[in-house]
Amino acid sequence: MQLKPIGVNFVNQIWPRVEKHISSGLEFSGGDFTAENVKVYLTLGQWLLIVVVGENEIKGALTISFLNYPNDRVAFITAIGGRLISNKDTYRQLCEIAKSHGATKIQGAARPSVVRLWRKLGFSEKYTIVENKL
């Protein structure tokens, strides 16, 4: 499988083919974002869309926001969806894409099953996010 970053000029063209993957990636987000919110961030160029292509078809998609801290530029995975798209090769490609955008770290918020999967790719648990809606 190959990861392909999508330029902001092409988000609207490809959106109908990736929306289902982005929506599935948001199922466990607790309502922080809707697919339409994600599309807005992508079309404004605030987030980056990456598609996962295999066998000449889109198998998944992910979105990244970039956060600048004093000591690092973090590529934060804001949504990811697809089937069997996380492996060492796709992660290596993701690292290269993130580095090409100046990132020095990759982070994401994940439920326990995803944490276990991404641990196999070299991620470590940094902290747990808790929430109380006011």
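The model is predicted. It holds one cavity of 30 Å³ or more, and the largest pocket has a volume of about 1,500 Å³. Six salt bridges are present in the structure.

**The cavity**

- Rolling a probe the size of a water molecule over the atoms shows where empty space is left.
- The largest cavity has a volume of about 80 Å³.
- Its lining includes Leu 3, Val 52, Leu 62, Ile 80, Trp 118 and Leu 121. Ser 86, Asn 87, Thr 90 and Tyr 91 are also among the lining residues.
- Helix 3 (residues 88-100) gives the largest share of this lining, with three residues.
- Sorted by class, the lining of the largest cavity has nine nonpolar and three polar residues, and no charged ones.

**The pocket**

- The largest pocket, with its volume of about 1,500 Å³, is lined by 44 residues.
- Gly 108, Ala 109, Ala 110, Arg 111 and Val 114 are the lining residues that lie nearest the centre of this pocket.
- Two or more lining residues come from each of helix 1 (11-25), strand 4 (73-82), strand 5 (105-108) and helix 4 (112-119).
- The lining of the largest pocket is made up of 21 nonpolar, 14 polar and nine charged residues.

**Helix 2**

- In helix 2 (residues 35-43), the buried residues are Ala 35, Val 38 and Leu 42. They lie on the same side of helix 2, because they cover an arc of only 55 degrees around the axis.
- An α-helix has 3.6 residues a turn, so residues three or four places apart point the same way.
- Helix 1, strand 2 (47-54) and strand 3 are among the elements that cover the buried residues of helix 2.

**Ser 65 in strand 3**

- Ser 65 is part of strand 3 (residues 57-68).
- Its relative accessibility is 9%, so Ser 65 counts as buried; the cut-off for buried is under 20%.
- Leaving aside residues up to four places away in sequence, Ser 65 touches Gln 46, Trp 47, Val 74, Ala 75, Phe 76 and Thr 78.

**Salt bridges**

- Side chains of opposite charge can pair when their charged atoms come close.
- Glu 55 and Lys 59 form a salt bridge, with their closest N and O atoms 3.6 Å apart. Glu 55 counts as exposed at 68% relative accessibility, whereas Lys 59 counts as partly exposed at 24%.
- A network of salt bridges links Glu 55, Glu 57 and Lys 59.
- Lys 105 and Asp 72 meet through their side chains in a salt bridge of 3.4 Å, N to O. This pair links distant parts of the chain, since Lys 105 is in strand 5 and Asp 72 is in the loop between strand 3 and strand 4, 33 residues apart.
- Arg 92 forms a salt bridge with Asp 89, and the closest N and O atoms are 2.8 Å apart. Arg 92 and Asp 89 are three residues apart in helix 3, so about one helical turn separates them.
- Arg 92 is partly exposed, with a relative accessible area of 46%, and Asp 89 is partly exposed, with 32%.

Conventions
Residues are numbered from 1 along each chain as its sequence is written. This is a predicted model: local features need pLDDT of at least 70, side-chain atom pairs count only at pLDDT 80 or more; totals for chains, interfaces and linings use all residues. Side-chain values use heavy atoms; hydrogens and water are left out. Helices (H or I, at least four residues) and strands (E, at least two) are DSSP runs, numbered from the N terminus. Buried means under 20% relative accessible area, exposed over 50%, partly exposed in between (1.4 Å probe, protein chains only). Contact means heavy atoms within 4.5 Å. On a 1 Å grid over the protein atoms alone, a cavity is a set of points where a 1.4 Å probe fits but cannot get out, and a pocket is an open set with protein on both sides within 12 Å along at least five of seven lines; lining residues have an atom within 4 Å of a point. Grid points are joined across faces, edges and corners, and a volume is the space filled by probe spheres set on the points. Ala, Val, Leu, Ile, Met, Phe, Trp, Tyr, Cys and Pro count as nonpolar, Asp, Glu, Lys and Arg as charged, and the others, Gly among them, as polar. The arc is that of the directions from the helix axis to the C-beta atoms. A salt bridge is a side-chain nitrogen of Lys or Arg within 4 Å of a carboxyl oxygen of Asp or Glu.
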